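Below is a short note for a colleague who is meeting this structure for the first time.

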Amino acid sequence: MLRPIEEADAPLMLSLRQRPDLTEFLPPLDITLDEQRAWVRRQMTRPDDYMFAIQPLGRDTPIGFFAAYNPVGDGEMEWGRWVMGESSPVLLESVLLLHRFIFETLGMKRLFSHTAEGNIRVLTFHEIYGARRCGLHPAALQIGDRRHDMVEHEILRPDWDRIRQKYARFL
């Protein structure tokens with residue numbers, strides 16, 4: 001269901017990042033396919049950057065992508081770069097797998113994310129899932145000529161233990 005990205009993912013990744021219905025709260029991406037392939041190759045070589053394709057079992061192609069990146073301090077890491085081309089029941093399972101990787105394989109103590117304040121669908125997901133709002137960064141995201149506040153959510157290792165139990169049937 002989750003696999004590391006490959007250079008072959010570049011066309012889908014680029015097409016998702018250029019779909020207006022998916023990128024209202026993402027900075028515009030005006031690059032060529034060759035530039036996207038080069039970006040994927042660079043990501044694959046970064047030792048503390050884990051980019052995954054979300055690929056349902058039995059499908060030949062992924063439906064989306066996300067990442068864990070920017071480790072900071074003692075055991076903290078950010079997750080995001082989340083874009084999906086379709087709604088799917090595997091959404092929850094893929095997030096659970098990513099978080100299990102971050103907390104149980106990498107041994108992180110805190111996971112955080114930043115979401116544009118107007119992105120209600122993603123903010124709602126975080127809060128239903130079990131993440132806690134822990135900050136607001138005013139005007140932190142520039143998209144075109146508009147600035148957006150960014151909401152920070154966090155999950156601490158004890159939170160992960162509770163979330164893992166709550167959604168155990170999906171793991």
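Which residues line the largest cavity?

1. The largest cavity is lined by W79, H99, L111, F112, S113, H126, Y129, A131, H153, E154 and I155, where a cavity is a set of points, on a 1 Å grid over the protein atoms alone, at which a 1.4 Å probe fits but cannot get out, and a lining residue has an atom within 4 Å of a point. This is a predicted model, in which local features need pLDDT of at least 70 and side-chain atom pairs count only at pLDDT 80 or more, while totals for chains, interfaces and linings use all residues. Residues are numbered from 1 along each chain as its sequence is written, and side-chain values use heavy atoms, with hydrogens and water left out.

2. The structure holds one cavity of 30 Å³ or more, and the space in the largest cavity comes to about 40 Å³, a volume being the space filled by probe spheres set on grid points that are joined across faces, edges and corners. At least two lining residues come from each of β5, α4 and β7 (146–156); helices (H or I, at least four residues) and strands (E, at least two) are DSSP runs numbered from the N terminus.

3. The largest pocket (an open set of points with protein on both sides within 12 Å along at least five of seven lines) contains about 1,100 Å³ of space. Its lining has 40 residues, among which L26, W82, V83, N119 and V122 lie nearest the centre. β4 gives the most to this lining, with seven residues.
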